[in-house]
Structures are given as structure tokens and as C-alpha cells.
Amino acid sequence: MAEKGKSILDILNKRILILDGATGTEMQKRGLPPGVSPELWSMENPEVSADIYRAYARAGSDMLYTCTFGGTPWKLDEFGAADKTEQINCRIAENAVKTADELAAREGIRPLIVGDIGPCGRFIKPFGDLEFEQAIQGFKRQVTGLIDAGVDLFVIETQIDIQESRAALLAIKELCRGFTMVSMTFDETGHSLNGTTPEAMAVTLESLGADVVGVNCSTGPKEMLDVIRRIRKMVQIPVMAKPNAGMPVIKDNETVFPMDADEFSSFARPFAEAGVNIMGGCCGTNPEHIAKLARGMEGLSPLERKPVETAMLSSATQALITDSNSPIRIIGERINPTGKKILQGELKAGNMAYVRKLARDQAAAGADLLDINAGMPGIDEKQTLLDIISSVVPVVNLPLVIDSSDPDVVEAAVRYYPGRALINSISAEKEKLEKLLPVAAKYGSMLIVLPLADNELPDKAECRKELVNEIAERAAAYGYKNKDLVVDGLVMTVSSNPQAAKETLATVKWASEQGFGTVLGLSNISFGLPERGWVNASFFAMAAGAGLSWAIANPSHELLMHTKAASDVLTGRDRDALSYIRRFAKDKNAEKKKEAPAQKAADLPVEDQIMAAVIEGRREDIERLCHQALEQGIAPSELLEKKMIPAIMTVGEYYDERKYFLPQLIASAETMQNGFAVLEPALHAAGSTEKKGTLVFATVQGDIHDIGKNIVVLMLRNFGFDVIDLGKDVTAEDIIAAARTHKADLIGLSALMTTTMVRMPEVIALAKANGLTCKVMVGGAVVTRDWAESIGAEYSSDGVEAVNVAARICTENK
Amino acid sequence: MQPLRTFPYIPLKVPRHKILKRLGYQRRQNEISQRMMAEVDSWITYAADHIHLKATARIGDIHIDHGKGTVALKQSNTVFESAKFTRFLGKADQLLIMGITGGQAVADEIKQLQKDKRMTGAVIVDAAASEIVDEGFDWLMALFNKELVRERKTLKLKRFSAGYGDFDIRFQADIYHILKMETLGVAITDTCILMPEKSVTAFCGISKVTGE
């Protein structure tokens, strides 16, 4: 198969190859009944499939997909045929190979037969529940059948999950050296359903050994063009496209694919110019589309493929490109338990929430990648590192740096990680080098190169260079180029060796001139010195000047990140200083916004500070301020009546005017509540706790939604009403009993569902039957003003209106 | 009815703008300090941290009687009565039925925050959870649409739920059983409320691509 792959590449250097069009719809036209497995039907009707293969071959397809799109064991299981996965795939593919051979003999055309692998219908960890290894094993069963049939190459197509693409690709690569094309599907926003960008897909799959990458389905050719251009920029391998004939639209009351063969084929030249090497059609296309596309491609040559000279990493969703013009990349160092007691405890307990928080915090602080390390005693390092990957990958878009000294742990991690990882690290230590290089090469990982050898920690740059060259030479045998290797300049402590910084900087300078990436673990330089931040920041700036491209650091360290921003400007890596200006413009605005109100408030008398705290919803300040006011001898009733209630009324007005939105209203109400709790004992003592009225509130029977009611209750209490809150799912009898006991001025009822709002008139009827004269106010998501009127109730749409309604009713009562 | 499909992990998408809109935020009119907005954002993140979106879904053939205002699910005894629903489905011949939950943890957090009198947090987490669950539906629909296009079918991009208009919420019980939502850890009350909160069901119509 390796030979076949080479010859396919030779052809691809000369011309653009044509794929087939839609198969499923062609089968439907030829009698495939609805609800039947196309694979089983194809196997039972080989002549029908052969007819489709022939139609496409005669239309000009150079490659024909076998009718095995749903041939994974999981898909076949839906039709009770999973146990025959190998045989089914083999029989279908044999029919395709036989048809191609017959065409060659009779008509002189021999299309290549492509073993087609579609999505398995399940999501794979860390994005689903199917174990990654189980997925690989399942795909191997399908691949085995296709190999047995003698297919010429493979396609993994219509993928939405990068991890599934990886599993299928590994399955092929671990069984044979078959030429493999992988195409994912991207929507019009340029993302897969799971958020993968074309760039991330290209980097991940090329590094894992795909021979062609590309796109199929989901959009028409117009929308796909840009995706093809984006992929083409990232890869050295050929690029494929298989667009739909547009997306279905309703036309004259019929749902149709809008693009006819002429319009579809008009995209041949734009696709060729975008750099496509292989093109066909997906949903809505037929042999006519392919025939016209083939004619459109006649005379068009593939673009020359130039080597990609940048370092590329990827997460499951995004690619990170780094070259000498890129800003220095910060590798967040905080997910490493060494010397971190909290993280150690959480990892031991198997609790990943803290790890996710560290990942998010570092991403927010400006990290470009995250180093992950689980090396500590008392835990299973391999499993913990896999758990960290599972936890971090869904919450941040950054590529990961796999940090372990154990090659087995590294292998497990890079195999599972759904992107192109950077391994930290490889050295000239013989055993490690021999074990790690093939692993890194198999999974396409980039490598941090540590200039260390067995029993040798060189302190001179010259010795380090020799070791780096030795490792690079060995790595080159596995296909590594200097751009894929990141040389660690080896940071030693300057307090114990005054030449340490100089030797490290010399190593960085030399390595960057050789086209390697360079990285430093900065903080070691200042070990043993006071005020280490200054030393670290200065060293960072000097290293930036020497050509540093990556730094392992804590991105929350402000001085360091500011120094990085300045260094990027001074070394020409931040064009027009845009990032630098943005960074400080942002910080300046933040400071202004943060400081202004607090500063303003601090100058005011304490009672006005209380008012400001309520208006601004500063819950953290209110208790201290209230205590302070009481200590100053200010009467609690005065604070409440003259400051806090006017403040909360102002907030209500702001809310009505839409100057404030709901969280601000609630934050102010909470602030008031907390302040009131401080004042309440003093108010009681002074006998000034008269309430504006007594209200009984409940969510009606059968309804368990009470957040809206709780907001209303909070607001009412703040305005001085005595609210008896009966909670949720309360019977009419209990509501009426409480209203009677507390001599309520008003009953408040809440309901969220149409099934439960019917309880409201029941409560009103029961109140009347019991001789209660108090009014009833209703509210809730499904309750309308008209409905309230129809049952003889008052209505309020929110907490502010509820306060007004309650105030009016209680005043009337008095 | 096609076999039930279970989606135990749906990727979370946090639609910040929709969450803010749900809370009443209007960029041009609201005056909000950076401190307050940072708090809102941190509660949104908190909500996302406690949500585990999972779903079940299945496709069924339907017979729509526009005259009677009914939608019958073939190969079952279920007939939904709602003129509005029949109008919504138009010429659809299949129905995608979806049930999704944000999980117990986020519902517990909303309760606990209220209990702890941290209503600001409760309100934001509640709104965020609702919108994140809604995004889960969008994800499911996009997935089904991709698969259906290959069968020359297309999914109507709007959805409908029990409780809308004249579609009685009591049909929620039928939907619950069709979707086996108990397998997601979801229960249903006598009043047809799905528990935990932030568990919802929805329908979409599926039409055949009829032309070339």
C-alpha cells in the first residue's frame, strides 16, 4: 500500500484528481428503501452499487468511495450486524474493486477505490462517553475488511469530532501504511460542530500522518472556498474538497438542493486557484455534476506545495503558529503539583475542578499554551495526566504541553490528546531518547529539547549546542525539522553561578539562529535572591533580545507579562505595538472604572457611603459601613428611612429606566438586606420596626419554580413589608391558613407552568369561601395581566412592580 | 420510531450575549461598573462549571391532520392535539423529539445560592443555565441536520415545545416516556414539570428534499 500511496502523490503533483458525488441519493434513486441500512442493501444488491460506481467513473471520477460510509460496528449495530463488520466492509469493497478492474479491462479507465469510513455516531472521550481505545479498536474492524478487499486508499469523511478523526486515522496507520485522506465538515462560520477550526484540524491531522486533509458536506462550494484556503496555508500535504450542491432550500413548496451541475462546475477554477488537489461532490450532487466538474478542471494545474516553515501546535479547536515574528509564547506553568499543596491535595482526591480553574485563569491571564504535569508521589501519574487532559480540553482552547519524565506517561498522553502537543521534554539521555523519539514521531508531537546527557549537566553553551545538534540529528531521522524542536536554554541559578545567565542567553541566541524554537523556565534564574520578580523580568527581556520564542511562566505575574509585552514591541514581534497599546489602554480603563466609584464614595460621610453602597450593590462593604454608622451614633431609623430606602428606590427607578438590569437590581437588594440585618437589632431596641404591611407569599401547589418569587420577596422585605414566605408547592389550604393567622394585607402567588397557574383561582375562591377580604397578587412566567384580571387578581411583572402594587394595597387598607 | 439516541456529553457553549439579554441587559442603555460586569461573568462561568449537558433524541414518522389539528406519531399510540403545532410542522413527515438536561448539580447550586441568600448569583446562574441548555438544543439540531442532509432530508430550524400555545403541557409526560428521560436522571412530576430544573423537551419537523 505504501507504493500505491507514492504513486498517488506523484499523480497529485501533476494534476487535480476528481472524486465521485453523492452515493446515498443515487442508491435511493435505484430503490434503496427508507429506514434500511445502505451498507446491507448495497451488499445484497451489488449490481446496483456497481452501476453507481460505473456512472461516476464514466463521468470522470478518478477515485470512487466504497459504499461503506456507515460500515463502522456502531452504525451496523443499529441493524443488528455489528458482528459481521469485517465481512460486510470486505464484500462491499470487493464489489467496488471488481467493478474498477472490469472498467479497466473493458473501457480502459481504472478509478482508484477508496475505502470509505464515515462517522461512528458516537462521541469519543474527552468529548463523549466512548473510550478512545475502544474507538480505535472498532475502526480497526472496518479497516480490516477494507484492506482484505484490496482498496487502494482510505478516506475518513464527514467528521465533526477531531478525536474521532484521530481514532480512525490511528486505526489505519496501526494496521497498514495505507494512503489516507481525512475530511471534516465545517459550517458556514468555519467551525466543526465541536468547535474545531480548519487550522486546528489541518495541524492535528497532518502531524498524525494524514496524507490528505480537507472538507466535505455541510456547505456548498461558495462557503467552502475560504475553508480550503485556510487549510492550504497550514499544510504541506494535498488538500481535498467535496462540497454539497448548496444547502437544501424550499422552492415552490419543494425542498431542493439549489445548485445545478453548471453552477457547481463553475467553481472548478476558484477551487484550483485556492489550492485544492482533489475535488468531488457531496450531498445533492450526481454524475452530471461530476462530469461537468471534471470538464471544468481540465487544463488546470495544482498549485505548487511550498514547505511550511513555522512551528505549529493545536488544541482540539485552535492552532497556534509560532515563528520568529510571533510574540513570545507564554506556557502557563501552574498545573504542576511540585511545591503546590492545594493542587497536590486536589489531584490526590481526584478532584479536577481546581485544575479546570487553573486552566481557565491562565488562559484569561494571557497564556498561549498550558503545561500539564502530574508528577508527584502517591498518585497514578499516567491516569492523572489523562484525567487532566479530559478536564482541561473542553474548557480552554489552548494547546497543551505534556510534561513528564516518564516516556510511558508521555506516550499515553500524546496518544489521547486531541491536538498536536508539545512534549516537555526530550534530552540526550540514551534510553529516553530511544524510547521517546519514535513515540513523538508517531503522534506528530513537537519536542522541547533539553541539552542534558546521561550524567551530564553542561554549564557551558558550547556543550549544550553539541547535545542539541546530536538530538536534532537523531530526530531528523524521524522526519523532524529544526522548526519542530524547541531548545531549552537550561536556566541555572545566577546566585550560585554568576555566568549562568550568560551561558543560557548564548544558547538561546545560537538555537534561534539555527531555526529552532527556544524556551526558558524563567524563575530558576533568581532562586535564592530577594525580590526575584525584578531579576526574572530583566532576564526575560534579555532573553527576548537573544531570540527567545517561548517562556514557561506564571501568566498572572503582572511584571513579567508587562515585560513580555514591552519585549515584543522592542524585538519587532508586536507590529505597530498594537498588543502593547491594547494591553495598557485596557488596564488604564479598568483602573479608572474600578477606582472611580470607590474613591468618590470614600470621601463621603458614612451615611452617604451606605447610600452609595446600596445603589452600587456593594455587598462586601455594607455591613462594615452600617457598623461604622452605628458606632458614630447615627440613628438606625434615620439610616433606613433617609438613606437606604431612598437608595433602593433610586435603584428601582434605574431598573425602570433600564439603566440597571436584573443582576444590578438584585445586588442592590442584597446589599440592602445585609445592611438591614446589621441595623435590625438597633431598630428593635429603638422600637422603630413598624412594617408597611403583612404579605403572605407562595408558589402554588404542584409548582417547584420559586426563583422569581424569591426575588419579589427580597424586594418587598427591603421596602419594609413583613413577608411570610411559605416557599413552593404550597396548597391553597396552607396559603389561606397563613393569611388568616398573620392577618395578611395581601396574598402573593407565583406559578411558572400552565398546569399550575390554574391553582391561582382556586386560592382566590378558597379565600372568598373563608371570608378573607385581602387582595391577591399573581405573577410568574406564564401569568399575564389579562389572566390576572380575569381571575380578579392584581398583577405584577417583576419585583419593582410588586413593591408598587403592595404599597398601594397596604395604603388603601390603612 | 427510530431507535433512541443518547448523548451523554454535549459540548458546552456559553452564549454570553444571550445570557445578558435574558437578564435584561441592553448595551446602549445599561450603566454597569466593571466590578459588577466581572461578577456577572464569574457567575456565568460558575454556572458552566456546574452544568453537564446530556440528552436523548429520536426521530419518528408522523401523520399530520391539519383539519383536526392533530399530529399522530406512527407506530405508537401518541397523538398530539394542537392546531398551532400542526401549523408549525407544515408539510413535515417526521418529527425530531429531543430531551435535554443541564444535570442535577446546577439545579442544586441554584437552590443552594437562594438558601444562602445569594440571590444575585442565583439569578445569574439560573439564566446562564437556561441559555446554555438552549444552546445544547442548537447543537443537537445541527448534528441531526448534518446527518439528515445525507438522507436528502432537512430539519426545520425552529423548535416547538409542550406548553406553547394550545399544546397542552400534559403531553410532556408522553414525550418524557418516548425519550426515556429517566435514563438521563430526569424525573417528571404530576404537574408535568421535569426535575431537575433546567431539563426541557422540544420538537423539530423534518421534511424530505423533494426536488433534484
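# Notebook: a first walk through chains A and B

I began with the domains: chain A is divided into domain 1 (2-297), domain 2 (311-558), domain 3 (604-682) and domain 4 (694-813), with bounds that come from an automatic or database domain assignment. I noted that this is a predicted model, in which local features need pLDDT of at least 70, side-chain atom pairs count only at pLDDT 80 or more, and totals for chains, interfaces and linings use all residues. Residues are numbered from 1 along each chain as its sequence is written, while chains are lettered from A and ligands numbered from 1 in the order in which they are written.

**Entry: chain A as a whole**

I looked up the extent of chain A, and its C-alpha trace spans about 105 × 80 × 50 Å along the principal axes. I found 33 helices and 25 strands in chain A; these are DSSP runs, numbered from the N terminus, with helices (H or I) of at least four residues and strands (E) of at least two. Of the 814 residues in chain A, 54% are buried. For that term, a residue is buried if 20 or more other C-beta atoms lie within 10 Å of its own, exposed if 12 or fewer, and partly exposed in between, with C-beta atoms placed from the backbone.

I also checked the contacts (C-beta atoms, placed from the backbone, within 7 Å). Among contacts in chain A between residues at least 6 apart in sequence, 75% join residues at least 24 apart.

**Entry: where domain 1 meets domain 2**

I found the centres of domain 1 and domain 2 of chain A 38 Å apart, taken over C-alpha atoms. Here 17 residues of domain 1 are in contact with 18 residues of domain 2. On the domain 1 side, helix H8 (162-175) and H9 of chain A are the elements that give two or more residues, and H9(A) gives the most, with 6 residues.

**Entry: the annotated region**

I checked UniProt, where an unreviewed entry lists residues 328-571 of chain A as "domain: Pterin-binding". Its positions are given in the numbering used here, feature names are shortened, and annotations may be inferred rather than shown by experiment. The end C-alpha atoms of this span lie 10 Å apart, and the span is 47% helix and 16% strand.

I followed helix H18 (residues 430-443) of chain A, whose 14 residues reach 21 Å from first C-alpha to last, close to the 20 Å expected at 1.5 Å a residue. That expected span is 1.5 Å times one less than the number of residues. I saw a bend of about 25° at Leu436(A) in H18(A), with a proline, Pro438(A), following within four residues. The bend is the angle between axes fitted to the seven residues ending at a residue and the seven starting there.

Leu436(A), Ala440(A) and Tyr443(A) are buried in H18(A). What do the buried residues of H18(A) pack against? I found helix H9 (198-208), helix H17 (407-416), strand E16 (422-427) and strand E17 (446-450) of chain A. Just after H18(A), Gly444(A) has a positive phi of about 70°.

I turned next to helix H16 (residues 381-392) of chain A, whose 12 residues reach 16 Å, close to the 16 Å expected. Its buried residues include Leu385(A), Ile388(A) and Val392(A). The elements they pack against include strand E13 (329-335), helix H14 (341-348) and H17 of chain A.

**Entry: the meeting of chains A and B**

I looked up the interface and found 54 residues of chain A in contact with 51 residues of chain B. H27(A) supplies the largest share of the chain A side, 7 residues.

I also visited Gly128(A), in the loop between strand E3 (112-117) and helix H7 (132-149) of chain A. Gly128(A) counts as buried because it has 21 C-beta neighbours inside 10 Å. Leaving aside neighbours within four places in sequence, Gly128(A) is in contact with Arg122(A), Phe123(A), Pro8(B) and Tyr9(B).

The bond from Asn424(A) to Ser425(A) is cis, with omega near 15°, and Ser425(A) lies in strand E16 of chain A. Another cis peptide bond joins Met195(B) and Pro196(B), with omega about 0°.

I found that Thr158(A), not a glycine, has a positive phi of about 55°. Is Thr158(A) buried or exposed? Thr158(A) is buried, with 23 other C-beta atoms within 10 Å.

Terms used
Contact = placed C-beta atoms within 7 Å.
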